[in-house]
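Morning, everyone. I have one structure to walk through today. Please have a look at it first.

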Amino acid sequence: MKREMVLTNKLKEARKQKRMSQEELAKAVGVARNTITSIERGEYSPSAYLAWLLCKALEWKFEDLFDMEFKDSK
């Protein structure tokens, strides 16, 4: 087993605080709704530009919305 750094996020929490649907957030940042779903589930890590757009749309600081942690992988 090896350990790798993965990007984690509080996107769902931030979106709900803003009372936005996944569809509304997706439109605000110019991506498909399934991209937002994948980011919230930790299945997809956004580019730096998309992460910045998400922070702006949700009015959160990057360091509050995203973090890095170690996860074990096969």
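Start with Trp52. Buried or exposed, or something in between? Trp52 is partly exposed, with a relative accessible area of 46%. The cut-offs matter here: over 50% would be exposed and under 20% would be buried, so 46% falls in between. Keep in mind that this is a predicted model.

Now its partner. The whole structure holds 2 aromatic pairs. One of them joins Tyr49 and Trp52, and it is stacked. The ring centres sit 6.1 Å apart, and the planes are at 25 degrees. Where do Tyr49 and Trp52 lie? Both are in helix H4, residues 48-58. They are 3 residues apart, about one turn of the helix. Tyr49 has a relative accessible area of 57%, so Tyr49 counts as exposed.

Next, the surface. Which residues form a nonpolar patch there? Met5, Met68 and Phe70 do. Together they have about 310 Å² of accessible area. Phe70 belongs to strand E2, which covers residues 66-73.

Last, an arginine. Arg15 is in helix H1, residues 11-17. Is Arg15 buried or exposed? Arg15 counts as buried, because its relative accessibility is 7% and the cut-off for buried is under 20%. What is Arg15 in contact with, leaving aside neighbours within four places in sequence? The list is Met20, Ser21, Gln22, Leu25, Glu40 and Leu58. Leu58 also falls within the residue range of helix H4, 48-58.

Note on methods:
Residues numbered from 1 in each chain as written. Predicted model: local features only at pLDDT ≥ 70, side-chain atom pairs only at ≥ 80, totals over all residues. Heavy atoms only, no water. Phe/Tyr/Trp six-rings, centres within 6.5 Å; stacked < 30°, edge-to-face > 60°. Helix = DSSP H or I, 4+ residues; strand = E, 2+ residues; numbered from the N terminus. Buried < 20%, exposed > 50% of the residue type's maximum accessible area, 1.4 Å probe, protein only. Patch = residues over 30% accessible without salt bridge, like charges linked within 9 Å, V, L, I, M, F, W, Y side chains within 5 Å. Areas by Shrake-Rupley, 256 points an atom, 1.4 Å probe, with all protein chains shown as cover. Salt bridge = Lys/Arg side-chain N within 4 Å of Asp/Glu carboxyl O. Contact = heavy atoms within 4.5 Å.
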